[in-house]
Amino acid sequence: MDAIALTDVSKSYGNVLAVDGLNLAVEAGRTVALLGPNGAGKSTSINMMLGLIRPGGGRVEILGGSPEAAVARGEVGAMLQSGELIGELTVRELVDFVRRLYPEPLGLDEILRVADLTELARRRADKLSGGQAQRVRFALAIAGAPKLLVLDEPTAAMDVESRLRFWKSIREYAAEGRTVLFATHYLEEADENSDRVIVITRGRVVADGTAAQIKAGIGDHVVRFTLGGQPVAGLDGLPGVSAAEISQDVATLRTADPDATVAALYRGTSLEIRDLRIIGADLEDAFLALTREP
Amino acid sequence: MPNYVKIEILRMLRNRRYIIFVVGFPVVFYLIFSGIWGAQTDSGGVRAAVVLMVSMAAYGAIAACLMSTAVPWAQERQSGWLRQLQVTPLPGWAIIVTKLIASLLLVLPSMVLVCLAAVLTQGVRLPVGEWLVLIPALWIGAVPFAALGLLLGSLLPADAAQSAAMISTFGLAILGGLWFPVEIMPEAMQSVVHAMPSFSYADIGQHLVAGGAAPPSAVLTVVAWAAVLGTAAVFAYRRALARA
């Protein structure tokens, strides 16, 4: 049984199509990143998985049933994109309140430890920094020991160090065989913290696989060198090259086989090559290529 | 759910606005008014200290109901706390029921303080039987005001809910004759006054402390308002909770 299964799901607001025939399935036990630029339909999709928004069309199944049923059984925990806490209550009171709403919650001290809140337990929620409040919202999301944890841009308000500690907490939680789905528009985050990346843009899945597969799908390396005003033609005919571009004396070749391309450049042409660089595709390139407007 | 009621109460008791406006004001008003007029007696022979005790307890209850429901509820809807609760197993109806219970419990501090002030500063003495009817009557009678607060909180954004709760509290207090005797109002206003839930609500209390029974028409008015506002509150609440 898949933890999440979306079949032909769509949702529009007025005449804006936020989600457009989305199909995705997430097996139980995986940590999956939902990667996409702002406005790609990530939050709308997540809110439909949580039963907060009804899909306009298609079917959403969570842990084998409707999202509402999974939430009511206490099998889902979520950290939504925004949400203030109750300022008058302490961290400990908030976490304890939410964990008691679940049938089989984690222990209070364990939640506080995992979310790195033990020291802040007695602090009132209105005295927390943005990053601290995020950690409390994470604690609320895991409080009920949900089988499926959904996080919508969880590190938005965090600095680099809190971000690292935060992902450590999530990995610790996911290691118990739970399913985690997180939305992000940070590429490294998707790369480093998930075992599968689903790229969506304009409400559709445009790529789906491990970070490495997605990079490989784009595949190309870039070979770049300075021409210095030499006349040139036929660069796009070199072995492996799929596209060649010359601007301001710099030639940029996109190639599937950088070794062959470079060899041919030196042996097969009489060009004087300077400043040669070979740049590997990273997820950023892949992401930009996938989400570029058509 | 007892746990939820507990944190709702805890947060209000830590809220300075609640403590000042809801718990503090009615007692302070009582001390001032009864200090001036407390010794007078009305046509029925009831001391003003007793009449004022009922009026201020009623005012405190109305303020407590409106303040502890409308504003926090509107804020929770806006700030995303409601959504946080919606992704937990807590059923939707439990939220409104909890808010109702909590607001009724939050009525008690000001009511008890006003009565205590009457007993201690004005030497008000009622037969035990009358206390035992008066307090529950004033307590249960506060239901329409809690419903009004939840209605406002469901319909309005937080800052508007704040103003609406203030205006409703003062409007109900003045038009219900809680701050000034109804008799000094112009003739035309009298029928408005008699239709107000706050008038009938306090009127029940006044009859009880005068040693009589609650007038059926006043009880009917409060029940009718409770039904109307309660129904409206449930509808508005369902709309506020509805999934887009």
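Helices (H or I, at least four residues) and strands (E, at least two) are taken here as DSSP runs, counted from the N terminus. The model is a predicted one, so to speak: local features need pLDDT of at least 70, side-chain atom pairs count only at pLDDT 80 or more, and totals for chains, interfaces and linings use all residues. Residues are numbered from 1 along each chain as its sequence is written, while chains are lettered from A and ligands numbered from 1 in the order of writing.

Chain A first. It carries ten helices and 13 strands, and its C-alpha atoms fill a box of roughly 75 × 45 × 35 Å along the principal axes.

G36(A) sits in the loop between β3 (31-35) and α1 (42-49) of chain A. This glycine counts as buried because it has 26 C-beta neighbours inside 10 Å.

On to the sheets, where strands count as paired if DSSP finds at least two bridges between them. One open sheet has three strands in the order β2-β1-β4 of chain A, paired antiparallel. Its edges are β2 (16-27) and β4 (57-62) of chain A, each pairing on one side only, and neighbouring strands are turned by 15° against each other on average, direction ignored. Strand β1 (residues 2-13) of chain A meets β2(A) over eight bridges, with Y13(A) opposite V16(A).

A four-strand open sheet, also of chain A, runs β11-β12-β10-β13 with antiparallel pairing. Since β11 (241-247) and β13 (274-279) of chain A each have a single partner strand, one side of each is left without a neighbour in the sheet. Six bridges join β11(A) to β12 (residues 250-255) of chain A, and A244(A) stands opposite L253(A). Helix α9 (residues 258-268) of chain A packs on this sheet, touching β10 (221-226), β11, β12 and β13 of chain A, and its direction makes about 25° with that of β10(A); such angles run from 0 to 180 degrees between N-to-C directions, with axes fitted to C-alpha atoms, for helices over the stretch in contact.

Now for the cores. A nonpolar core is a set of buried Ala, Val, Leu, Ile, Met, Phe, Trp, Tyr and Cys residues joined through C-beta atoms within 7 Å. The largest has 149 residues, of which L94(A), A139(A), M53(B) and A61(B) touch the most other members. Its largest share, 21 residues, comes from helix α3 (residues 48-79) of chain B. Beyond its neighbours within four places in sequence, L94(A) is in contact with L85(A), I86(A), L89(A), A125(A), V136(A) and L140(A).

Finally, the two chains meet through 26 residues from chain A and 19 residues from chain B. On the chain A side, α2 (67-72), β5 (76-79) and α3 (91-99) give two or more residues, and α3(A) gives the largest share, three residues.

Key:
Two residues are in contact if their C-beta atoms, placed from the backbone, lie within 7 Å. A residue is buried if 20 or more other C-beta atoms lie within 10 Å of its own, exposed if 12 or fewer, and partly exposed in between; C-beta atoms are placed from the backbone.
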